[in-house]
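These are my notebook entries from working through a structure, written down in the order in which I looked things up.

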Amino acid sequence: MSTSVLFDVPGPRARRRQLVGTVVGGLVVAALVGLALWRLAANGQLEPDRWAVLFDPASGVPQALWEGLLNTLAVAAVGMVLATVLGALLAVGRLSDHAWVRIPVGVVIELFRAVPLLILILFCLLFLPTVGVPMTAFRALVLGLTLYNMAVLAEIFRAGILSVDRGQREAAFALGMRKTQVMTLVLLPQAVRRMLPVLVAQLVVLLKDSSLGFIVGYVELLRTARSLVEFFNFSFGSQYTFQLYVAAGLIYIVVNVALSQVARSVEKRTRRSAKAAAAADVELPADVQMGGGGAPTGQA
Amino acid sequence: MQFLSDNSDLLWSAFLTTLSLAVVSGLCALVLGTLLAGMRVSPVPPLRGLATFYVEVFRNTPLTVVFFFLAFGIVQIDLQFPSRFLTAVAALSLYTAAFVCEALRSGINSVPPGQAEAARALGLTFGQSLRQVVLPQAFRTVVPPLGNVWIALAKNTSIAAGFAVTDLTAALQRLANANADQLLAVFAAVVAGYLVITLPSAWLIRVVENRVAIVR
């Protein structure tokens with residue numbers, strides 16, 4: 001990092017100061033971690049047999065957690081496919097030449113982006129059954145995730161389509177292509193390529209958001225951990241609580257870090273390829289990664 | 001309408017809870033995120049490492065899991081938040097700070113290198129050049145992404161409902177369970193509550209953005 005313009009390369013004195021600071025800071029962090037571990041040990045949380053239950057097939061815990069993870073991935077996968085397809089359609093609709101397509105699609109996108117995801121899921125879960133749509137927690141979760149993310153993805157696709165050089169479109173029209181052909185053969189392939197990193201990042205967000213199933217009672221990873229805890233509390237007291245929660249949290253982090261790595265390598269690959277050389281200047285908007293969507297006005 | 005006015009007390013206090021949740025955690029996240037961004041560009045490698053680690057962990061953890069840990073996990077190390085509201089504030093701030101840090105870091109990167117070089121040439125230390133030269137410019141360029149983080153935060157407060165904070169979403173669940181025939185009105189009122197926060201914010205962000213934008 002000696003290339004940073006913000007500071008000079010540290011000299012001997014600064015290096016010594018940094019070393020002292022590092023050692024002291026390291027000691028403080030180590031002390032805090034030690035304190036936490038000591039409290040955990042004092043509460044008996046570090047005993048090996050408490051952790052062994054996580055890996056002991058006889059207890060049913062690994063199977064249940066695996067099942068929970070599969071349920072999480074199932075919701076996320078269905079949601080990802082639906083949201084991507086619908087998002088692409090909505091993006092094309094929003095760029096349509098016909099006002100009667102453009103305006104309603106715009107309203108749909110803005111509406112679903114502006115509402116908190118949890119409210120959308122609750123709407124699907126609570127309201128739709130009253131108008132005769134059969135609903136399960138799984139369907140409500142998928143539907144909520146799809147509705148929300150298709151709107152976010154539509155904006156991403158739209159930004160991608162608009163970022164394709166104007167000459168491409170004009171050249172395609174000059175060759176005599178129709179509007180549909182221009183869109184499907186020329187603009188969309190380039191747009192998808194360019195927006196691929198953002199797209200994958202948003203899909204990671206979708207996976208993260210599937211943990212909202214915990215609140216609406218879908219048996220995903222977090223809910224599995226919770227019900228295992230309740231089950232064990234009933235039979236053995238609360239001795240496995242902490243271990244199960246840590247396990248669920250770690251699984252989430254591992255899966256998400258893995259997916260983020262995929263996103264990063266995809267980004268690198270698109271950046272390397274000569275055809276998408278311009279992809280480098282597409283910045284990942286912070287809000288897209290945050291899973292809250294952006295400004296509800298579409299100006300983001 | 002009759003139904004909504006009957007429950008206006010609950011809705012109003014729920015709205016205030018949501019709003020204060022968003023504002024308090026927004027401020028905490030802004031402070032923490034700025035610190036983290038400063039650490040991420042600092043000359044001290046362990047600080048950089050620590051901040052990177054923080055951001056990576058919190059960006060890859062679902063907010064629900066963060067809530068979950070603060071609500072049920074830290075009891076095991078004999079810590080507890082004095083109230084559910086503070087638990088929610090802590091979870092939202094810790095989570096959002098990672099995104100504030102990322103937004104600010106991209107802002108810091110977008111400040112032309114000449115500015116930092118000039119600051120160094122004048123003999124300013126790292127802290128001085130960051131505080132007086134780089135960050136003020138960075139903040140101006142990141143108004144839109146920071147605004148988006150704020151709006152996302154306002155929407156994310158709804159997750160607190162799952163952890164026994166009586167915000168708008170919790171009010172929605174309560175009213176929906178009690179009044180199955182009035183579902184649409186309940187949903188409309190609650191969504192309107194969120195829009196009252198997000199729409200003016202979006203407008204304000206655009207105004208501020210136009211005000212402070214640096215034309216280069």
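**Entry 1: records for chain B**

I began with the record, where the UniProt annotation "domain: ABC transmembrane type-1", from an unreviewed entry, covers residues 15–205 of chain B. I keep in mind that UniProt positions are given in the numbering used here, that feature names are shortened, and that annotations may be inferred rather than shown by experiment.

I also noted that this is a predicted model, in which local features need pLDDT of at least 70 and side-chain atom pairs count only at pLDDT 80 or more, while totals for chains, interfaces and linings use all residues. Residues are numbered from 1 along each chain as its sequence is written, and chains are lettered from A and ligands numbered from 1 in the order in which they are written.

**Entry 2: chain B as a whole**

I found 10 helices and 0 strands in chain B, and its C-alpha atoms fill a box of roughly 70 × 45 × 25 Å along the principal axes. Of the 216 residues in chain B, 47% are buried; a residue is buried if 20 or more other C-beta atoms lie within 10 Å of its own, exposed if 12 or fewer, and partly exposed in between, with C-beta atoms placed from the backbone. Among contacts in chain B between residues at least 6 apart in sequence, 75% join residues at least 24 apart, where a contact requires C-beta atoms, placed from the backbone, within 7 Å.

**Entry 3: two helix pairs in chain B**

How do the axes of helix H3 (residues 45–59) and helix H5 (residues 84–110) of chain B cross? They come within 9 Å and cross at roughly 120°, which makes H3(B) oblique to H5(B). Axes are lines fitted to C-alpha atoms, for helices over the stretch in contact, and angles run from 0 to 180 degrees between N-to-C directions; under 35 degrees counts as roughly parallel, over 145 as roughly antiparallel, 65 to 115 as roughly perpendicular and the rest as oblique.

I listed the residues that meet, among them B:Tyr54 and B:Phe58 in H3(B), and B:Leu94 and B:Tyr95 in H5(B). By class, this contact of H3(B) with H5(B) has 8 nonpolar, no polar and 2 charged residues; Ala, Val, Leu, Ile, Met, Phe, Trp, Tyr, Cys and Pro count as nonpolar, Asp, Glu, Lys and Arg as charged, and the others, Gly among them, as polar.

Next I turned to helix H2 (residues 8–40) and helix H10 (residues 183–212) of chain B, which pack at an angle of about 35° with their axes 11 Å apart. B:Leu11, B:Phe15, B:Thr18, B:Leu19 and B:Ala22 in H2(B) meet B:Ala189, B:Gly193 and B:Ile197 in H10(B). The contact of H2(B) with H10(B) has 6 nonpolar, 2 polar and no charged residues.

**Entry 4: chain A and where it touches chain B**

Chain A has 12 helices and 0 strands, and 38% of its 300 residues are buried. The contact between the chains takes 54 residues from chain A and 61 residues from chain B. On the side of chain A that touches chain B, H11(A) gives the most, with 8 residues, and the residues of that side divide into 30 nonpolar, 18 polar and 6 charged.

In the unreviewed UniProt entry, the "transmembrane region" features of chain A include residues 105–128 and 140–161. Residues 105–128 of chain A are 88% helix, with ends 21 Å apart by C-alpha atoms, whereas residues 140–161 of chain A are 100% helix, with ends 31 Å apart.

**Entry 5: one residue, A:Val219**

I finished with A:Val219, which lies in the loop between H9 and helix H10 (221–236) of chain A. Is A:Val219 buried or partly exposed? A:Val219 is partly exposed, because 18 other C-beta atoms lie within 10 Å. Not counting residues up to four places away in sequence, A:Val219 touches A:Gly68, A:Asn71 and A:Thr224.

How values were computed:
Helix = DSSP H or I, 4+ residues; strand = E, 2+ residues; numbered from the N terminus. Contact = placed C-beta atoms within 7 Å.
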